[in-house]
Amino acid sequence: MDTRNLICISCPLGCPITVTLNGSGEIENVEGYSCPRGEAYARKEVTNPTRIVTSTVRVLGATKGDVMVSCKTKTDVPKGKIFDVIKDINGITVKAPVHIGDVILQNVAGTGVDIVATKEIR
Amino acid sequence: MSTFGLVNMEGLMPGREVVILGSGDIGLIMARRMTFEGAKVKVVAELLPYSGGLRRNIVQCLDDYGIPLKLSHTVIDIEGKERVEGITIAEVDEKRRPIPGTEEHYTCDTLLLSVGLIPENELSRGMGVKINPVTNGPSVNESLETSIPGVFAAGNVLHVHDLVDFVSEEAASAGKNAAAYVQAGGLEGARHEVPVAVEGGPRYTVPVSIDPSRVPESLTVRFRVGDIIRNHFVSVYFDQDRVLHIKRPIMAPGEMEEVKLKKQFFDERPNLSKITIRVEEK
């Protein structure tokens, strides 16, 4: 038996939700939510929490003096992989020009998700 | 330059051990940003009893990384000469005065102040554009046009937003209206300006006045409340008629609200003299 306490992020209400897991990690009970979105959030957050990761990477040869280009994971990645993603991102440098949506790193941290640019750099 | 600018634009880190004062969205996102870049964010202190940031940001920028948020706390002392070496925070009472005996000391090399954004309106002021003292941005009509005809405003220069999506949306409508203004060679005729008033919670609205003849199919009116309000309704009155009545389980200063006014509301009431956005119990 294991309990997890969460604060729902689906709306500003911020319901405190308690999820009870059995010995094999399956959800036994979810309580404290006040709408279906809250229950869905809690179930996902406990079984498969994911996040979009945003950061920056160094860019070379930009004509307007930019030294960094903003980027993000194209889709959400497992929460437990965030720091692996950051480590991979911090290890790369890209060359200008860069366009919004360009893949600047494939399969980041073995997640199967690409890192894409979110800024135009000429 | 701001810390955000240093980190995100220049790729520079101002320090390694950080305390943040202020828990608006910028303070929260900065905590995660500094963590990603290898810093240790020790605590975020917030003077008010609630965070001014989005719930999502509290969870995903602080809780995810085990960064404590201390509500009703402020910085009372900063140590160090050439460089910050430590700070002391204390809890505050309801009058926001530090409570003796609640002091906590943190060693750190950086104190980030994230204590509110103010729209940058030197340009607008210099032109003589009328500024709304609540938002510190221009007072605009339904077309997002300022008190000077042909000058339009949108985004954080108009009022500080939480989400860039709404900045983009506002910018698109200001751009569309500006283009229409140019194409018409300036708009002619006296404007019929219906004022938008607030009661019971909202601190301001954007726009502050509406010309019914220039309303699109749906006009978005945005506002913020001044305090956390639970289980109330947002109502829109056209003179005495209640045209909208929306239940809101919770509203918070950190989350911008909006109502959409249909053109039909205006068409049905040709003698409209006042619009009121009222937060009420039922």
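Modeller: Let me start with how elements are named: helices are DSSP runs of H or I with at least four residues, strands are runs of E with at least two, and both are numbered from the N terminus. By that reading, chain B has six helices and 17 strands.

Colleague: Before we go on, what kind of model is this?

Modeller: This is a predicted model, in which local features need pLDDT of at least 70 and side-chain atom pairs count only at pLDDT 80 or more, while totals for chains, interfaces and linings use all residues. Residues are numbered from 1 along each chain as its sequence is written, and chains are lettered from A and ligands numbered from 1 in the order in which they are written.

Colleague: Happy with that. What box do the C-alpha atoms of chain B fill, and what percentage of its residues are buried?

Modeller: Taken along the principal axes, the box is roughly 65 × 45 × 30 Å. For burial, count the other C-beta atoms, placed from the backbone, within 10 Å of a residue's own: 20 or more is buried, 12 or fewer is exposed, and in between is partly exposed. Of the 282 residues in chain B, 33% are buried.

Colleague: Which domains is chain B divided into?

Modeller: The bounds come from an automatic or database domain assignment. Chain B has domain 1 (3-113) and domain 2 (122-280), with their centres, taken over C-alpha atoms, separated by 34 Å. Seven residues from domain 1 of chain B and six residues from domain 2 of chain B make the contact between them, where two residues are in contact if their C-beta atoms, placed from the backbone, lie within 7 Å. In chain A, the assignment gives domain 1 (2-48) and domain 2 (54-117), and those C-alpha centres lie 32 Å apart.

Colleague: Now helix packing. At what angle do the axes of α2 and α3 of chain B cross?

Modeller: Two packed helices are described by the angle between their axes and the distance between the axes. Here α2 (residues 25-36) and α3 (residues 55-62) of chain B have axes that come within 8 Å and cross at roughly 20°; the axes are lines fitted to C-alpha atoms over the stretch in contact, with angles from 0 to 180 degrees between N-to-C directions. So α2(B) and α3(B) are roughly parallel to each other, a label for angles under 35 degrees.

Colleague: Which residues of α2(B) and α3(B) meet?

Modeller: D25(B), L28(B), I29(B), A31(B) and R32(B) of α2(B) face N57(B), I58(B), C61(B) and L62(B) of α3(B). By class, that contact has six nonpolar, one polar and two charged residues. The classes are simple: Ala, Val, Leu, Ile, Met, Phe, Trp, Tyr, Cys and Pro count as nonpolar, Asp, Glu, Lys and Arg as charged, and the others, Gly among them, as polar.

Colleague: Which residues of α3(B) are buried?

Modeller: They are R55(B), N57(B), I58(B), C61(B) and L62(B). Their cover includes α2, β2 (40-46) and β3 (69-71) of chain B.

Colleague: How many residues does the contact take from chain B and from chain A?

Modeller: Each chain supplies 14 residues. On the chain B side, α1 (3-9), α3 and β15 (241-251) each supply at least two, and α3(B) gives the most, with four residues. The residues of that side divide into six nonpolar, three polar and five charged.

Colleague: And the backbone details: where do cis peptide bonds occur?

Modeller: One joins A96(A) and P97(A), with omega about 0°; P97(A) sits in the loop between β8 (93-95) and β9 (103-105) of chain A. Another joins V206(B) and P207(B), with omega about 5°, and P207(B) is in the loop between β11 (202-206) and β12 (209-210) of chain B.

Note on methods:
Angles under 35 degrees count as roughly parallel, over 145 as roughly antiparallel, 65 to 115 as roughly perpendicular and the rest as oblique.
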